[in-house]
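Student: Could we go through this structure together, taking the helix contacts and the pocket in turn?

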Amino acid sequence: MSQRINIVKHVPAIYHHLIEVEKILHGSELPTATLELVKLRVSQINGCAYCVDMHSRDMKKAGESDERMWMVAAWREATVFTPAERAALALAEEATRLPDREAVPDAVWEQAREHYDDKQLALLIAAIAMINAWNRIGVTSRLTPGA
């Protein structure tokens with residue numbers, strides 16, 4: 001498959017504003033490992049090969065273990081994630097799969113609240129929204145992994 005359209009070329013201002021949000025997220029107190037785990041899992045759910053490739057590479061460069069990257073797809077059964085990371089992954093899955101249910105379940109929200117303060121939760125919600133937006137751009141425009 002070839003790329004359908006280059007978003008950066010046609011609407012550079014939108015792309016640059018999305019990048020600015022990413023800079024805020026990566027400069028925040030939300031743990032980088034958590035942020036990247038969420039991005040990888042959401043990208044897997046959405047079938048965005050470009051983002052799965054990119055975030056796996058980013059995680060590897062940051063020193064993340066192969067085992068943790070491999071286990072993201074089966075995080076519920078894996079023992080390599082902290083309770084806080086598991087709560088973030090659960091929230092990310094529920095927020096990404098909104099069409100499958102009415103809302104994010106209270107139990108998932110309460111689990112996340114046990115590990116993150118209000119600002120971190122707000123950042124986590126923004127991060128989940130951002131990776132979902134990036135995935136939709138990637139899948140729709142057919143971004144090529146590894147490019």
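Predicted model: local features only at pLDDT ≥ 70, side-chain atom pairs only at ≥ 80, totals over all residues.

Student: At what angle do helix α2 and helix α8 pack?

Tutor: Helix α2 spans residues 12-26 and helix α8 spans residues 118-141, and their axes lie 11 Å apart. The crossing of these two helices is left-handed. The angle at which α2 and α8 pack is about 145°.

Student: How many residues of the contact of α2 with α8 are charged?

Tutor: From α2 the contact takes Y15, L18, I19, V21, E22 and L25, while α8 contributes L123, A126, A127, M130, W134 and I137. Eleven of the residues in this contact are nonpolar and none is polar. Glutamate counts as charged, and E22 is on the α2 side of the contact. The number of charged residues is one.

Student: How far apart are the axes of helix α6 and helix α7?

Tutor: Helix α6, residues 83-96, packs with helix α7, residues 106-113, at an angle of about 145°, and their crossing is left-handed. In this contact A87, A90, L91 and E94 of α6 meet V108, W109, Q111 and A112 of α7, a set that divides into six nonpolar, one polar and one charged. The distance between the two axes is 8 Å.

Student: Which residues lie nearest the centre of the largest pocket?

Tutor: The largest pocket holds about 320 Å³ of space, and its lining consists of 18 residues. By class, that lining divides into twelve nonpolar, four polar and two charged residues. Helices α1, α2, α4 and α8 each supply at least two residues of the lining.

Student: What percentage of the chain is helix over residues 20-94?

Tutor: An unreviewed UniProt entry annotates residues 20-94 as "domain: Carboxymuconolactone decarboxylase-like". Over that stretch the end C-alpha atoms are 25 Å apart.

Note on methods:
Residues numbered from 1 in each chain as written. Heavy atoms only, no water. Axes fitted to C-alpha atoms, helices over the stretch in contact; angles between N-to-C directions. Helix = DSSP H or I, 4+ residues; strand = E, 2+ residues; numbered from the N terminus. Left-handed = near helix turned anticlockwise from the far one by under 90°. Contact = heavy atoms within 4.5 Å. 1 Å grid on protein atoms, 1.4 Å probe; cavity = no way out; pocket = protein on both sides within 12 Å on 5 of 7 lines; lining within 4 Å. Points joined across faces, edges and corners; volume = space filled by probe spheres on them. UniProt positions renumbered as here; feature names shortened; annotations may be inferred.
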